[in-house]
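Work through the following exercises with the sequence and the model open. Each task is followed by a solution in steps.

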Amino acid sequence: MQISEAMHSGVRWISPDTDLRTVAHIMKDEDIGALPVGENDRLIGMVTDRDIALRAFANGHDVSSLTVRDVMTSQIVFCRTSESLEDAIRLMEEKKIRRLPVINEDKRMVGMLSLGDISHSSSRELTGELLKAVSGHHA
């Protein structure tokens with residue numbers, strides 16, 4: 001199965017200058033835990049609810065003055081629509097991540113691939129292996 005068949009499309013992205021309160025509201029309203037970050041029509045990072053909790057609150061920062069740029073992860077791991085679902089699963093296991101932005105042949109973000117997407121599109125065995133890999137303690 002191709003990633004394009006398993007991903008969910010219609011993903012929005014946010015500006016790195018977005019304040020964290022706005023991000024939290026978007027995440028709550030849309031019931032999501034991660035948002036891609038884009039600037040000048042390019043994907044430049046990801047911000048997760050965990051990024052906000054650990055890089056803002058846990059570090060004692062005044063969160064009212066922080067933006068996405070202050071807490072986002074700038075190393076982008078992504079997959080392509082033309083790759084197989086198994087390729088994406090291996091990448092997610094290797095990098096210990098739960099969500100991947102999906103890029104098309106024109107280098108445009110066209111969707112996201114999450115653990116939930118994989119659980120609906122893959123075997124129990126593959127889903128179980130992935131869940132175990134990304135849920136384990138990080139070294």
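**Exercise 1. Find the residue of β5 that stands opposite Cys79, then place the strands in their sheet.**

Solution. The model used here and below is a predicted one.
Step 1. The residue facing Cys79 is Val102 of β5.
Step 2. Cys79 falls within β4 (79-80), and β4 runs parallel to β5, with 2 bridges joining them.
Step 3. The sheet is open, has 4 strands in the order β1-β6-β5-β4, and its pairing is mixed.
Step 4. The edge positions go to β1 (8-9) and β4; each has a single partner strand, so one side of each lacks a neighbour in the sheet.

**Exercise 2. Describe the largest nonpolar core: how many residues has it, and which elements give two or more residues to it?**

Solution. 
Step 1. This core holds 15 residues, and Ile14, Val23 and Val47 have the most contacts inside it.
Step 2. Two or more residues each come from α2 (20-30), β2 (34-39), β3 (42-48), α3 (49-57) and α4 (68-71).
Step 3. With 4 residues, α2 provides the largest share.
Step 4. Take Ile14 as an example: leaving aside residues up to four places away in sequence, Ile14 touches Val23, Ile26, Leu35, Pro36, Val37, Gly38, Val47 and Val68.
Step 5. Another core, of 12 residues, lies apart from this one; Ala6, Cys79, Ala88 and Ile89 are among its members.

**Exercise 3. Decide whether Ala88 is buried or exposed, and examine the helix that carries Ala88.**

Solution. 
Step 1. Ala88 sits in α5, which spans residues 85-95.
Step 2. The cut-off for a buried residue is a relative accessible area under 20%. Ala88 has 0%, so Ala88 is buried.
Step 3. Beyond residues up to four places away in sequence, the contacts of Ala88 are Ile3, Leu100 and Leu113.
Step 4. The buried residues of α5 are Leu85, Ala88, Ile89 and Met92. Their arc around the axis is only 100 degrees, and therefore they are on the same side of α5.
Step 5. For a distance check, take Ala88 and Pro16: the sequence separation is 72 residues, and the C-alpha atoms are 26 Å apart.

**Exercise 4. Compare the backbone and exposure of Asp41 and Lys96, each with a positive phi.**

Solution. 
Step 1. Most residues other than glycine have a negative phi.
Step 2. Asp41 has a positive phi, near 65 degrees, and belongs to the loop between β2 and β3.

**Exercise 5. Which residues are closest to the centre of the largest pocket, and which element gives the largest share of its lining?**

Solution. 
Step 1. The volume of the largest pocket is about 740 Å³.
Step 2. Its lining has 22 residues, and those closest to the centre are Thr48, Asp51, Thr73, Lys96 and Ile97.
Step 3. At least two lining residues each come from β3, α3, β5 and α7 (124-135).
Step 4. The largest share, 5 residues, is supplied by α3.

Conventions:
Residues numbered from 1 in each chain as written. Predicted model: local features only at pLDDT ≥ 70, side-chain atom pairs only at ≥ 80, totals over all residues. Heavy atoms only, no water. Core = buried A, V, L, I, M, F, W, Y, C linked by side-chain atoms within 4.5 Å. Buried < 20%, exposed > 50% of the residue type's maximum accessible area, 1.4 Å probe, protein only. Contact = heavy atoms within 4.5 Å. Pairing = 2+ DSSP bridges. Arc of directions from axis to C-beta. 1 Å grid on protein atoms, 1.4 Å probe; cavity = no way out; pocket = protein on both sides within 12 Å on 5 of 7 lines; lining within 4 Å. Points joined across faces, edges and corners; volume = space filled by probe spheres on them.
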